[in-house]
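The notes below follow the order in which I checked them.

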Amino acid sequence: MEARATPLKPVMTHLDPNAVRDSALAVITAETRAIEALRPRIDQHFISACQLMRQCTGRVVVTGMGKSGHIGRKIAATLASTGTPSFFVHSGEASHGDLGMITSEDVVLALSNSGKTEEVLAMLPTIKRQNTPLVAMTGDAASKLAREADVHLDVSVDCEACPLGLAPTSSTTAALVMGDALAVALLEARGFTAEDFARSHPAGSLGRRLLLHIQDIMHQGANIPAVPSDANLRDTLVEMTHKGLGMAAVVDQEKRLLGVFTDGDLRRALDDHGVDLRTTPVASQMNRSPKTIGPDKLAIQAAQMMETHKIHALLVVDENQRLVGALNIHDLLRERVV
């Protein structure tokens with residue numbers, strides 16, 4: 001006889017909505033209290049930690065294990081992106097060679113909620129021997145890590161948000177907020193600007209908005225749709241079709257901009273006048289006051305001009321009004337400026 005498979009235990013799929021809501025709100029309440037408890041701890045110890053990091057000629061080296069290590073990685077990333085050079089060293093790897101990353105010009109920021117994490121404590125002799133300043137962020141001011149540190153930041157909490165009191169929840173939130181406070185205080189002390197932020201985030205939307213210039217994305221040289229002032233509408237239409245920007249610049253022999261002829265101008269000319277494309281000069285139909293922008297302007301400024309004037313393309317001119325480029329809304333979309 002074939003053995004029958006043991007039936008699987010039914011999975012309970014029903015949740016009590018009220019219980020779920022109460023549990024979530026309890027977590028938020030506990031972690032909010034943990035954050036509020038940090039306010040009086042922004043004291044001379046905090047200022048001293050900021051001074052050590054501000055005066056550091058090397059890097060702020062953040063270290064930790066477990067959940068403290070995860071928080072440490074985020075703090076290091078935030079510091080680095082806001083003007084304080086920083087990186088993370090895993091405490092477990094430090095005693096196996098990574099301590100060589102830390103120099104006397106650095107500042108070490110060590111995270112351990114208990115202040116007794118063995119892997120972190122194992123780093124102390126080397127740190128002390130080479131006189132590297134140490135800032136400890138712990139939940140126990142009497143712990144060895146706190147006592148050995150040059151500066152101790154208290155991130156202790158009354159209780160974890162976990163109902164078992166086991167999973168790091170409120171404690172990691174408090175450490176994260178204290179790390180953010182350090183990063184932002186240092187940012188302001190350094191005079192760090194939005195442009196500085198963009199330079200370390202060139203692939204982000206802010207970076208593109210603050211760093212990407214017109215000359216980086218404009219069509220140049222033979223790719224610029226342009227015709228001489230004596231061109232007729234047919235020749236202009238051929239140029240517009242080949243270049244695909246929905247317009248053509250009209251220029252003199254020195255490449256100075258005289259006007260622009262667009263798809264809209266063509267439709268109006270055909271609808272209103274029934275003009276002959278072969279005999280009508282483009283100069284008689286062009287817009288003599290086209291919107292232009294300089295090549296050194298930001299791409300976001302081009303987007304703002306297009307939105308303000310309800311247009312889809314711009315001609316790019318130098319200080320002498322010579323045509324040097326062209327772009328349209330699709331170029332801005334491709335570069336994710338808009």
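How do the residues of the lining of the largest pocket divide into nonpolar, polar and charged? Working on what is a predicted model, I found nine nonpolar, eight polar and five charged residues in that lining.

I then looked up the space in this largest pocket, which comes to about 390 Å³, and noted that 22 residues line it, with Met247, Thr262, Ile311, His312 and Ala313 the closest to its centre. Strand 8 (257-262), helix 13 (263-272), strand 10 (313-317) and helix 15 (329-334) each supply at least two lining residues, and the largest share, four residues, comes from helix 13.

Next I turned to the second largest pocket, where I recorded about 230 Å³ of space and 19 lining residues, of which Met65, Lys67, Ser68, Ser112 and Asn113 are the closest to the centre. By class I listed nine nonpolar, eight polar and two charged residues in this lining. Helix 3, strand 3, strand 4 and helix 8 each give at least two of its residues, with the largest share, four, coming from helix 3.

Last I checked the largest nonpolar core, which has 27 residues and in which Leu109, Met137, Leu153 and Leu182 have the most contacts. Among the elements that give two or more residues to this core are helix 3 (66-81), strand 3 (107-112), strand 4 (134-138) and helix 8 (170-190), and helix 8 provides the largest share, six residues. For Leu182 I set aside neighbours within four places in sequence and found contacts with Phe46, Ala49, Cys50, Met53, Leu109, Met137 and Leu153.

Methods. Residues numbered from 1 in each chain as written. Predicted model: local features only at pLDDT ≥ 70, side-chain atom pairs only at ≥ 80, totals over all residues. Heavy atoms only, no water. Core = buried A, V, L, I, M, F, W, Y, C linked by side-chain atoms within 4.5 Å. Buried < 20%, exposed > 50% of the residue type's maximum accessible area, 1.4 Å probe, protein only. Contact = heavy atoms within 4.5 Å. 1 Å grid on protein atoms, 1.4 Å probe; cavity = no way out; pocket = protein on both sides within 12 Å on 5 of 7 lines; lining within 4 Å. Points joined across faces, edges and corners; volume = space filled by probe spheres on them. Nonpolar A, V, L, I, M, F, W, Y, C, P; charged D, E, K, R; others polar.
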